[in-house]
Amino acid sequence: MNSPKRIYLDFNATAPVAPPVMEILKQEGWAYGNPSSVHALGKKARRLVNEVREFLFDCFGLSEEKFNLFFHSGATEGINTIIKGLALQCLKEQKSFSFYCLESDHSCVNNQQEFIELLGFSFKALPVSRNGELDVEAFEKIISTDSSDQKVLNWTWVNNETGVVNSLKQVCEIKKRFDLFVHVDGVQAPGKIEEWRVLAPELDSYTFSGHKFGALKGSGFSFIKENILLLPLLNGGGQQLGIRSGTENTWGIFSIKEALNYLILNYNFSEQSKAKSILENKIIELIGNRGEIIGIANPSRNGNTIDLLLYGIKAHTSAMVFDMDGIDLSNGSACSSGAVIASRVLLSMGYDEDQAKSALRISLSPYFSNVEEQGLWPNLKKVLERLLS
Ligand SMILES: Cc1ncc(COP(=O)(O)O)c(C=O)c1O
C-alpha cells in the first residue's frame with residue numbers, strides 16, 4: 001500500500017539523495033575496489049576519489065598547494081578531527097591552547113568543552129545577541145588578553161536552527177586583527193545561501209557534511225591549510241596523509257561530487273528566498289501576536305529556514321501534530337532520547353526556558369519556489385490554525 005505523500009520541511013536535518021546519486025547507486029558492481037589497492041579495481045576507485053578531490057578544489061575555489069582536503073563520515077567527525085587534533089598537537093608540543101565558539105554553535109562544537117578542559121586548556125562559548133550575532137567588541141576584549149600559543153575560533157557560517165548567516169567577511173576581519181586559527185563550520189551553507197561556494201582562502205579550515213546537500217549519509221569533507229599539523233584521532237593505515245586513516249568511502253565520496261554538481265546546476269537562491277519570504281509573511285499574518293519568527297530582525301538570514309516560536313505551545317506537542325498531518329519538520333528542543341529540553345540556541349539568544357521549548361524549525365528544499373506546491377501552505381495553515389485555536 002502506498003503511504004500518503006508527506007510534505008518534507010526538514011532540510012537542515014538531512015536532504016533526500018540527489019537524483020544523479022540515485023543513478024550511480026543503481027549501477028551494479030560500481031567501483032567497489034579499495035582505493036589503496038594496487039590492482040585495476042583499486043586504481044579505478046583511486047581515480048574516482050582523485051576526481052572528486054579535484055572537483056572540490058575547483059568548486060570551492062581553493063588551491064591544492066595551500067590546502068589539504070580530507071574525507072570523513074560527516075561534519076561531526078570532521079570537526080572533532082580538527083579541534084581535538086589541534087589541541088592534542090599543542091599538548092604534544094607543550095604549547096598552550098584556547099578554543100572559542102558561539103553558544104549557538106552545533107553541539108558537535110559546543111560539546112568539545114569536556115575534552116579540551118580535560119587536556120588542561122581553555123574553552124569559551126561566546127554569547128550571542130537576540131538576533132543570533134556575536135558581540136564582536138566583547139569577543140575582541142577577551143581575545144586581546146589571551147596569551148595562549150594557539151587560539152582557535154569555530155565560526156558557524158549558517159546556524160542550523162535559526163538560519164542566521166555569520167559572514168565570512170566578518171571573521172576575516174577578526175582574523176586580520178588577532179592571531180587566530182579559524183575553522184568554518186560550513187555544513188548549512190550549500191543550498192541555503194547564494195555564496196555557498198565562495199570560501200575565503202585566508203581562513204584556516206572548512207567542514208561540510210554530504211547528507212545535508214543530497215550526497216550519501218556517512219560522507220563529508222574538510223579543507224585545512226596545508227602547513228597545519230593535527231595529531232590524528234584515528235590511527236591506522238595512514239590514508240589521507242595520516243589525517244584520517246581508514247579505507248576511504250568511495251561511494252560516499254563520489255556522491256559528494258554528483259550532489260554538488262546537481263546543486264550548482266539547479267539551485268536558485270533568489271527563487272528560494274523569495275518563496276521563503278512569501279511563506280514567512282503568510283505565517284506572520286496568520287499567527288499575529290501568538291508567536292514570532294526567531295531572528296527575523298536580522299537582515300542576514302539564509303534562504304530556507306524559518307524558526308517559528310509559538311507562544312505557550314510546546315514544540316514537542318506541535319511537532320507531533322504536524323507529523324500526524326503528514327508534515328515533517330523539526331522540533332529544535334528535543335534531545336536524542338525524545339525528552340523535551342530547551343533549545344540551547346534559543347537560550348543563547350536570551351529566550352527563557354519556556355520559549356526555548358516552543359520553537360519549530362521549518363527548513364525548505366534548495367529547490368523550493370512555490371508555497372502552493374504539494375499543497376504546502378494550505379496544509380501548514382490548517383495545522384497552525386488548529387494549534388492556535
Ligand atoms: C551547523 C552544523 N554543524 C555540524 C553538524 C553535524 O553534522 P553531521 O550530523 O552530519 O555530522 C550539523 C548537523 O546538523 C550542523 O547543522
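What covers the buried residues of helix α7? The cover includes helix α6 (136-144) and the strands β5 (150-156), β6 (181-185), β7 (205-209) and β8. The views below are of a predicted model, in which local features need pLDDT of at least 70, side-chain atom pairs count only at pLDDT 80 or more, and totals for chains, interfaces and linings use all residues. Residues are numbered from 1 along each chain as its sequence is written, and side-chain values use heavy atoms, with hydrogens and water left out.

**View 1. Helix α7 (residues 168-177) and its buried residues.**
Helices (H or I, at least four residues) and strands (E, at least two) are DSSP runs, numbered from the N terminus. The arc is taken from the directions from the axis to the C-beta atoms. K169 and K176 lie on the other side of α7 and are exposed, a word used for over 50%, with partly exposed in between.

**View 2. Helix α9 (residues 269-287) and its two sides.**
The 19 residues of α9 should span 27 Å at 1.5 Å a residue, and the end C-alpha atoms are 26 Å apart, which agrees. The expected span is 1.5 Å times one less than the number of residues. Buried in α9 are Q272, S273, A275, K276, L279, E280, I283, L286 and I287. They cover an arc of only 160° around the axis, so they sit on the same side of α9. K274 and E285, on the other side of α9, are exposed. Among the elements that cover the buried residues of α9 are β9 (291-293), β10 (305-310), β13 (359-363) and α12 (376-388). G288 follows α9 and has a positive phi, near 55°.

**View 3. Helix α8 (250-266) and its cover.**
The buried residues of α8 are T250, G252, I253, F254, S255, I256, K257, E258, A259, L260 and L263. Their cover includes α1 (19-25), α2 (40-60), β2 (67-72) and β8.

**View 4. Q94 and L241, with positive phi.**
Q94 is not a glycine, yet its phi is positive, near 55°. Q94 is placed in the loop between α3 (75-92) and β3 (97-102). Q94 is exposed, with a relative accessible area of 76%. L241 is not a glycine either, and its phi is positive at about 60°. The loop that holds L241 runs between β8 (220-225) and α8. The relative accessible area of L241 is 63%, so L241 is exposed.

**View 5. The largest cavity.**
A cavity is a set of points, on a 1 Å grid over the protein atoms alone, where a 1.4 Å probe fits but cannot get out; lining residues have an atom within 4 Å of a point. The search of the whole structure finds one cavity of 30 Å³ or more. The largest cavity holds about 60 Å³ of space, a volume being the space filled by probe spheres set on the points, which are joined across faces, edges and corners. Its lining consists of L102, S104, D105, G132, T156, N159, T162, V164, N166, V345 and M349.

**View 6. The second largest pocket.**
A pocket is an open set of points with protein on both sides within 12 Å along at least five of seven lines. The second largest pocket has about 410 Å³ of space. Of the 25 residues in its lining, F11, P16, S365, P366 and Y367 lie nearest its centre. Both β1 (7-8) and α8 supply at least two residues each to this lining.

**View 7. N160 and its contacts.**
N160 is in the loop between β5 and α7. With a relative accessible area of 13%, N160 is buried. Contact means heavy atoms within 4.5 Å. Apart from neighbours within four places in sequence, N160 is in contact with N12, H106, Q188, T305 and R361. N160 and S144 are 16 residues apart along the chain, and 29 Å separates their C-alpha atoms.

**View 8. K381 in helix α12.**
K381 is partly exposed, with a relative accessible area of 31%. Between K381 and N268 there are 26 Å from C-alpha to C-alpha, and the two are 113 residues apart along the chain.

Key:
Buried means under 20% relative accessible area, exposed over 50%, partly exposed in between (1.4 Å probe, protein chains only).
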